[in-house]
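Hello,

Here is the structure I promised to pass on. My notes follow below it.

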Amino acid sequence: MAEKIEIEITELTDGIATIVLKSPSMSDVDAIGVATREIRRFVQENRPPAVIFDFAAVKFFSSLVLGLLLDIRAIVGAYQGEVLISAINPQLHRVFKITNLDKVFRFFPNRESAIEATQAD
């Protein structure tokens with residue numbers, strides 16, 4: 001049975017997009033592909049100045065999720081937008097350090113602090 005990745009995309013009044021990843025495990029290739037297409041479509045249509053990915057519920061993800069983040073970063077980077085990551089589990093954060101992606105994304109302890117950072121920029 002195919003895994004379904006549950007996401008919630010919200011656009012705040014200042015155009016900032018929050019993407020809450022609600023699935024504890026994100027490893028199914030097809031499900032990640034569906035989520036990537038949905039997020040990509042939203043970002044291309046709305047062009048948010050910042051996209052915040054909230055990882056609070058995520059306990060495991062495959063490397064395909066890194067590809068998703070880099071894909072969205074490339075889209076928003078084309079118009080000087082930014083991708084931020086919030087509430088990531090410390091063990092998952094190690095994946096970013098090992099791959100040096102901790103230097104590519106900004107990390108925040110929770111979604112609220114990431115939103116505040118976008119408003120302060």
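F55 touches L21, F61, V65, L69, I85, S86, A87 and I88, leaving aside residues up to four places away in sequence; contact here means heavy atoms within 4.5 Å. The model is predicted: local features need pLDDT of at least 70, side-chain atom pairs count only at pLDDT 80 or more, and totals for chains, interfaces and linings use all residues. Numbering starts from 1 along each chain as its sequence is written, and side-chain values use heavy atoms, with hydrogens and water left out.

F55 is also among the residues with the most contacts inside the largest nonpolar core, alongside V43, V51, F53, F61, I72 and F96. That core has 32 residues. A nonpolar core is a set of buried Ala, Val, Leu, Ile, Met, Phe, Trp, Tyr and Cys residues joined through side-chain atoms within 4.5 Å; buried means under 20% relative accessible area (1.4 Å probe, protein chains only). Elements giving it two or more residues include α1 (29–46), β4 (50–54) and α2 (63–77). Helices (H or I, at least four residues) and strands (E, at least two) are DSSP runs, numbered from the N terminus. The largest share, seven residues, comes from α2. A second, separate core has eight residues, including A50 and I115.

Now the sheet. It is open, with five strands in the order β1-β2-β4-β6-β7 and mixed pairing; two strands pair if DSSP finds at least two bridges between them. β1 and β7 (106–108) are the edge strands. β1 (residues 7–11) and β2 pair antiparallel over five bridges, and I9 has I19 as its bridge partner.

Best wishes

Conventions
Buried means under 20% relative accessible area, exposed over 50%, partly exposed in between (1.4 Å probe, protein chains only).
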